[in-house]
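Trainee: I am new to this structure and would like to learn how to read its features. Please show it to me first.

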Amino acid sequence: MRYVAVALLTLLLAACSEPRIDATSQATLEASIAKVRDTLDVDRRNRFDALVAQTRADDAADESPATPASPSRAFASMNNMTGAQAIDTLGKLAERRAEQRAAEEETRRVEQAASEAREHAVLSAKAKAHATSLEKLRGIEVTDLRPEIRKAGMRRSHALTANIRNTLDAPLANIAFDYSVRNPGDAAALSSGSGEFALKGALQP
């Protein structure tokens, strides 16, 4: 019975002496992490190192990272934990952070899709309006268009005459135009400009 009691006492003392995370400060945290990892077997040590690195990366991406002298909340939550406990805690924390990032990314994706849909609707409406305007412009019939050279003594003036029929739903107050004069031989542009047809009052539909 005495041997059993001694054995149990030895086990308890060994458990109590197992290195634990000390998150009192950044310095004690780094020192205790090194001590804890030395007590782990190869597989658990690799897992521990990966989780510590992941936690540090997540902390660095946090909007409110810890100060150099103070551990982050993630590492502070491991205070007084053994290596096995720290692995379990960091593993669960990494999973929650991954789920949160996925949810945030999905929210951004949905918002981006909604923004693109609104932009597409605006552009479609503009395109439809432009198409409608173009259709209306095509409804203005211009026939018998010809240039004229008018003489008044030594002075000459140029004019354009045309027959215009308004097929729109509203009166036309004026009709502006651009023109280009080209050589009939090689189609080279000789001159260009803009003008406006003189209307005696509004041109009714």
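Mentor: What follows is a short tour of selected features. Keep in mind that this is a predicted model.

Trainee: Let us start with salt bridges. How many salt bridges does a search of the whole structure find?

Mentor: The general idea comes first. Side chains of opposite charge can pair when their charged atoms come close. In this structure, the search finds nine salt bridges.

Trainee: Which residue forms a salt bridge with R44?

Mentor: The partner of R44 is D41, and the closest N and O atoms of the pair are 3.5 Å apart. R44 is partly exposed, because its relative accessible area of 37% falls between the limits of 20% for buried and 50% for exposed. D41 is also partly exposed, at 41% relative accessibility.

Trainee: Where do E106 and R109 lie?

Mentor: Both are in helix α5, three residues apart, which is about one turn of the helix. E106 has a relative accessible area of 39% and counts as partly exposed. R109, at 47%, is partly exposed as well.

Trainee: What do the side chains of D58 and R101 form?

Mentor: They meet in a salt bridge of 3.1 Å, N to O. D58 belongs to helix α3 (residues 42-61) and R101 to helix α5 (residues 83-138), so this pair ties together parts that are 43 residues apart in sequence.

Trainee: Is D58 buried or exposed?

Mentor: D58 is buried, because its relative accessibility is 13% and the limit for buried is under 20%. R101, by contrast, is partly exposed at 40%. The pair also belongs to a network of salt bridges that links D58, D59, R97 and R101.

Trainee: Now helix α2. What joins the side chains of Q26 and E30?

Mentor: A polar contact of 3.0 Å joins them. Q26 lies in helix α2, which covers residues 26-38, and is partly exposed at 23% relative accessibility. Sequence distance and spatial distance are separate things to read. Q26 and A76 are 50 residues apart in sequence, while their C-alpha atoms are 9.6 Å apart in space.

Trainee: Which backbone nitrogen does the side chain of S32 reach?

Mentor: The side chain of S32 reaches the backbone nitrogen of D22, at 2.9 Å. S32 is in helix α2 too, and counts as buried at 5% relative accessibility. Apart from neighbours within four places in sequence, S32 contacts R20, I21 and D22.

Trainee: How should I read a phi angle?

Mentor: Most residues other than glycine have a negative phi. N80 has a positive one, near 70 degrees, and is not a glycine. N80 sits in the loop between α4 (73-76) and α5, where it is partly exposed at 48% relative accessibility.

Trainee: What does T82 touch, not counting residues up to four places away in sequence?

Mentor: T82 touches E18, P19 and R20. This residue is also found in the loop between α4 and α5, and is buried, with a relative accessibility of 7%.

Trainee: Next, the strands. In which sense do β1 and β2 pair?

Mentor: In a regular strand the side chains alternate between the two faces of the sheet. Here, β1 and β2 (residues 155-165) pair in the antiparallel sense over ten bridges. Within this pairing, E148 stands opposite A159 in β2. The hairpin of β1 and β2 has two residues between the strands, and G153 takes a positive phi near 70 degrees in that hairpin.

Trainee: Which residues make the nonpolar surface patch?

Mentor: V142, L145, L160, Y179, V181 and L190 make the patch, with an area of about 510 Å². At least two of its residues come from β1 (141-152), and at least two from β3 (175-182). V142 is in strand β1, and with a relative accessible area of 43% this residue is partly exposed.

Definitions and conventions
Residues numbered from 1 in each chain as written. Predicted model: local features only at pLDDT ≥ 70, side-chain atom pairs only at ≥ 80, totals over all residues. Heavy atoms only, no water. Helix = DSSP H or I, 4+ residues; strand = E, 2+ residues; numbered from the N terminus. Buried < 20%, exposed > 50% of the residue type's maximum accessible area, 1.4 Å probe, protein only. Polar contact = N/O pair within 3.5 Å; in protein donor to acceptor, adjacent residues only side chain to side chain. Patch = residues over 30% accessible without salt bridge, like charges linked within 9 Å, V, L, I, M, F, W, Y side chains within 5 Å. Areas by Shrake-Rupley, 256 points an atom, 1.4 Å probe, with all protein chains shown as cover. Salt bridge = Lys/Arg side-chain N within 4 Å of Asp/Glu carboxyl O. Pairing = 2+ DSSP bridges. Contact = heavy atoms within 4.5 Å.
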